[in-house]
Amino acid sequence: MSHWMRCLHKWVGLILAIQFVLWMSSGVMMSLLEADKVAGREFRVKPPAPPAWPRDAMSTDAVVAATKENIMTISSGWLLDHPVYRLQNDKRSWLVSASDGAAVVVDAQLAAKIARASYSGPGKASAPRLLSYTLEARNHKEPVWRIDFDDADETSVYVSSKSGAVLEHRNSTWRLFDLFWMLHIMDYSERTNFNNPLLVASAISGLWMALTGVWLLFVSVRLAEFVPSRWRRSRTVNLVDTSGRPQRSIDAVQGDTVFQALARSGLQLPSNCGGGQSCGLCEVRCVGNVPAPTGADRALLSPAKLEAGYRLACNLPVKRSLDIDVGDATALADERTGVVTSVKPLSPFLREITVRPNEPVACRPGSYVQVHVPAYERDASHLEIPEDHHEDWRTAGTLAALANDAPVRRSYSVAVPLERCDGQLTFLVRFVPGPRPGRGSGYMYTLKAGDELRFSGPFGDFALKTGAREKVFIGGGAGMAPLRAMIHELLAKGATEHIHFWYGARSRRDAPYVDEMRGFALNYPNFHWHLVLSDEVEEADIRVGFAHEAVLNGLLRTHPDVTSLEFYVCGPPAMLSATRAMLRDLGVHDEHVAYDDFKI
């Protein structure tokens, strides 16, 4: 549960953070605006004291007697220098002259005189406009006259069409203030309701963020972490091989995680998140008494792996001595080095990088290595962009500086069996340009022939299954790398079963190794290549749409026995998720589906 709570906490926090920035910045801006201008007092004339009421004015009784309508209230006042009575009932309000009881209509000419009398600025008045409603006089629901003055502040005077009263003086400073006020209280319609649903929801979400933050603190931070390790009980983590035979014992203390205990002893499990329970790479298999899976385990590991005893090492506390299977412990301990031999742009944002290890490496197709990305800061000029790719990079926008403030590790699958490229490691690296390029891809894209590269591995359990079942490969993006290595392996060893490869990309320019795959299809009758493009027109061997939909319509709907097929899937998360859901709907059992999600 904590994994999903973290995800929800993150996204709710992002939304609230945006609103918090708006709230803070709008508050600051409102405080900087000049108060007199915001209040409309800069050019507003203070009303003079009213003169004595004329003795010859009609009495209120006479006014009421002369009016045929029912009167609920009557009040006296002055309209410019004319005494008037304001009458009101439950239907309307109106003015009459106090001299003779005649109706007084606040027309455009009178409204202009009233506005000019209330204004002391240098501007000239424009023709009055009658508005049924305006946000600038939203507290007054009756129709109003708007008279604009051509001063530097673009002052507008609003006069009531019923009472002739000057309702508001508005200007450009007030309008700017009103914009920030709207952002501040989150009332995007009337701009008056401080208790509007959006603001209430934000307040409740903020409270939820605080409470879940406290909860996540307690579930993420173990009490033992506050106790010095020398005061905690000693424990042992026993590393065993797949058959259960002991390989090595690691000293640990109670309260450590297996990830921490192994790292302290020099065995660094693969991880993209540094033990943050978000990538799922640091899986280990518990032998013997297997602890119950946590929410992070269930979110990042398949049901089959959970059943087999796999758990995330970064979420597995050492409460007692444990027996775990980490695969090849030597690969964890060894830090390897190699020299970059070539960097080849395959598409605007895909590059093939070849590295010759300083010592031989055994790596089966489907495996990955963890590249050690150092802290670096490099200008975008370090990137060498081929001439025919300049337009793609220009369209993608300005590239920010490439930087990484702390060493990290990033996983890259091997794209060709090592024995087919003289023992070299071949990586397919995708770069996503933007304001925050990936720390790993940014580093890899600045490598040049002759540069040294540090890495660990190989790792991973994405591999070809034994047997000669008909195989379907479905990929996209950098998922081409492990699938290509597997296909190379099968064809080189003379596989006779049918092999289908469906690869999805946006355009032909984004698809690597197309000519190679077409050559395989010509030379090997059992290999079938299908390129699926989402942004281009259909051609002879090119489908249009999404890869999972293309393989469904082009193969699976007409196949006599879909359950006899074996699937290998690798690519972007959305494609992987859609493909796995499709295969489940078709009744394909999970044991016949191998996939690599790059743990992103």
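**Exercise 1.** State how many cavities of 30 Å³ or more the structure holds, and describe the lining of the largest cavity by class.

*Solution.* The model is a predicted one. Step one is the count: one cavity of 30 Å³ or more is present. Step three is the lining, which consists of Gly40, Glu42, Phe43, Arg44, Thr155, His169 and Asn171. Step four sorts these residues: one is nonpolar, four are polar and two are charged.

**Exercise 2.** Locate Leu383 in the chain and decide whether Leu383 is buried or exposed.

*Solution.* First, find the element: Leu383 sits in the loop that runs between β17 (376-378) and α11 (390-396). Next, apply the cut-off: buried means under 20% relative accessible area. Leu383 has 8% relative accessibility and therefore counts as buried. Finally, relate Leu383 to another position: Tyr443 is 60 residues away in sequence, while the C-alpha to C-alpha separation of the two is 9.8 Å.

**Exercise 3.** Describe how helix α15 and helix α16 are placed relative to each other, and list the residues that meet.

*Solution.* Two packed helices are described by the angle between their axes and the distance between the axes. For α15 (residues 547-556) and α16 (residues 573-585), the axes come within 9 Å and the crossing angle is roughly 35°. On the α15 side, the contact is made by His548, Val551, Leu552 and Leu556, which meet Ala578, Thr579, Met582 and Leu583 of α16. Sorted by class, the contact has six nonpolar residues, two polar and no charged.

Methods:
Residues numbered from 1 in each chain as written. Predicted model: local features only at pLDDT ≥ 70, side-chain atom pairs only at ≥ 80, totals over all residues. Heavy atoms only, no water. 1 Å grid on protein atoms, 1.4 Å probe; cavity = no way out; pocket = protein on both sides within 12 Å on 5 of 7 lines; lining within 4 Å. Points joined across faces, edges and corners; volume = space filled by probe spheres on them. Nonpolar A, V, L, I, M, F, W, Y, C, P; charged D, E, K, R; others polar. Helix = DSSP H or I, 4+ residues; strand = E, 2+ residues; numbered from the N terminus. Buried < 20%, exposed > 50% of the residue type's maximum accessible area, 1.4 Å probe, protein only. Axes fitted to C-alpha atoms, helices over the stretch in contact; angles between N-to-C directions. Contact = heavy atoms within 4.5 Å.
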